[in-house]
Amino acid sequence: ENPFGLSGHSFLRRYESCYGQLNLRQVKCRHLVELCCLVPDCCVAVESGGGEVTVLPAGGDSHRSDTVPLHVFGEVKNNILHLLQSHPAGVSLDRFVKGYEGYYGLLPLAQLGCGDVMELCKAVTDVCLVRQSETGQYVISLVKRGKADTKLDTDKTGSDEDSDGSGTLPGCVLVDIMRVLQRHGDGVKLSNFPKVFLETVGQNIDPSKFGFDSFKSLLKTVSGHMEVSDCKEDPVIRLMKSKVEKLKQSVLGPDFRMTEQEIEPGMVNVVSEVSPDLLCLQVEEKRKELEKMEERMEQFYTRENAGQKILASNLVIGLPVAALYIDMAW
């Protein structure tokens with residue numbers, strides 16, 4: 001998740017948010033560096049001149065800079081990696097800056113020793129590439145990382161056929177898969193699933209798009225949500241009973257209600273297609289109201305509350321959230 005390392009403080013904070021407080025005395029360690037030395041196959045700790053510790057994955061790049069703390073560069077590179085993962089085709093330079101500031105706050109260009117964002121992007125070629133489009137715009141895209149960076153060695157997990165692949169399944173696709181299984185309570189045959197998915201969602205599901213070798217390896221990532229029959233030739237996939245009721249509340253939220261509403265005749269824009277039966281429309285006359293709301297959200301989330309962290313314990317299903325769209329606007 002953070003292949004370029006974390007500062008010691010960030011590491012401890014994230015550990016506690018996931019697993020509870022890390023008691024170093026229980027493992028007979030005086031400090032974090034000593035703990036990392038006990039697990040060299042997992043991580044390595046690098047101390048800077050100022051005493052700041054950076055925790056890197058085993059085999060990570062521990063190259064030091066005389067001017068830039070290793071953990072600062074590492075966390076910025078992690079942030080860029082996370083930001084661009086949902087935009088495989090890349091984003092324009094201005095949207096990249098807008099998206100980064102929306103998620104993580106201002107880029108610490110001065111601390112990194114960079115004059116501008118372009119100089120920073122050219123300095124982290126192991127994370128992103130800068131290219132110029134046909135229209136003359138600069139586009140920032142993610143560097144494709146090797147399999148060793150994205151999945152465990154096949155020797156540890158079995159043969160290539162049995163491994164889950166190097167893919168990552170977006171949450172929205174997982175929800176679509178669960179919706180398909182919910183609609184077909186008796187289950188769907190594996191060979192017929194892509195066709196049923198298309199009929200239900202209105203889009204094809206392409207495993208290679210998410211980095212999977214096959215549809216079978218894609219489904220392995222959601223094995224905790226479904227049951228598979230014993231038939232080896234063409235198994236039937238069903239949604240687990242315990243997941244059905246949760247899905248009803250989580251797909252559209254607990255307070256979501258489908259209601260009829262009359263709108264005035266006029267021009268509309270089709271914003272997105274959730275399914276062939278559910279379209280999201282934007283009334284042209286309401287566009288100015290929408291733009292004003294986006295400006296207020298930009299002010300609140302990007303400028304006033306940039307970089308604010310939310311504890312995982314405070315997140316519950318159905319909680320309203322604000323998110324950056326594909327154009328990097330709230």
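These notebook entries record what I looked up in one predicted protein model.

**Ground rules**

I worked from a predicted model, in which local features need pLDDT of at least 70, side-chain atom pairs count only at pLDDT 80 or more, and totals for chains, interfaces and linings use all residues. I number residues from 1 along each chain as its sequence is written, and side-chain values use heavy atoms, with hydrogens and water left out.

**Entry 1: the whole chain**

I began with the secondary structure and found 13 helices and eleven strands in the protein chain. Both are DSSP runs numbered from the N terminus: helices are H or I with at least four residues, strands are E with at least two. Of the 330 residues, 30% are buried. I take buried as under 20% relative accessible area, exposed as over 50%, and partly exposed as in between, with a 1.4 Å probe and protein chains only.

The chain exposes about 22000 Å², and carbon and sulfur atoms supply 51% of that area. The areas come from the Shrake-Rupley method with a 1.4 Å probe; for residues, only the protein chains shown count as cover. I then looked at contacts, meaning heavy atoms within 4.5 Å. Among those between residues at least 6 apart in sequence, 49% join residues at least 24 apart.

I checked the span of α1, residues 8-19. Its twelve residues reach 16 Å from first C-alpha to last, close to the 16 Å expected at 1.5 Å a residue; the expected span is 1.5 Å times one less than the number of residues.

In the loop between α1 and α2 (32-38) I located Lys28. Lys28 is a residue other than glycine, yet its phi is positive, near 60°. Lys28 counts as exposed because its relative accessibility is 75%.

**Entry 2: the sheet around β3**

I found an open sheet of three strands in the order β1-β3-β2, with antiparallel pairing. Its edge strands are β1 (6-7) and β2 (43-47), each of which pairs on one side only. I count two strands as paired if DSSP finds at least two bridges between them. The antiparallel strands β1 and β3 are joined by two bridges, and Leu6 has Val55 in β3 as its bridge partner.

I next looked up Thr54, which lies in β3 (residues 53-57). Is Thr54 buried or exposed? Thr54 is buried, at a relative accessible area of 2%. Leaving aside residues up to four places away in sequence, Thr54 touches Leu6, Ser7, Val44, Ala45, Val46, Leu70 and His71.

**Entry 3: the sheet around β9**

A further open sheet has three strands in the order β7-β9-β8, again with antiparallel pairing. The edges are β7 (188-189) and β8 (226-228); each has a single partner strand, so one side of each is left without a neighbour in the sheet. I noted two antiparallel bridges between β7 and β9 (residues 236-239), and Val188 stands opposite Ile237 in β9.

**Entry 4: the nonpolar cores**

I define a nonpolar core as a set of buried Ala, Val, Leu, Ile, Met, Phe, Trp, Tyr and Cys residues joined through side-chain atoms within 4.5 Å. The largest one has 26 residues, and Ile80, Phe96 and Leu120 have the most contacts inside it. Two or more residues each come from α3 (70-85), α4 (93-104), α5 (109-112) and α6 (117-123). The largest share of this core is the seven residues from α3.

For Leu120 I listed contacts with Phe73, Val76, Leu107, Leu109, Leu112 and Cys114, not counting residues up to four places away in sequence. A second, separate core holds 21 residues, among them Val173, Phe212, Phe215 and Ile237.

I searched for disulfides, defined as pairs of cysteine sulfur atoms within 2.5 Å, and found zero. Cys121 is buried, with a relative accessible area of 1%, and Cys128 is buried with a value of 1%.

Strands β5 (residues 128-132) and β6 (residues 138-142) pair antiparallel over five bridges. I recorded Tyr138 in β6 as the bridge partner of Gln132. The hairpin has five residues between the strands, and in it Gly136 takes a positive phi near 95°.
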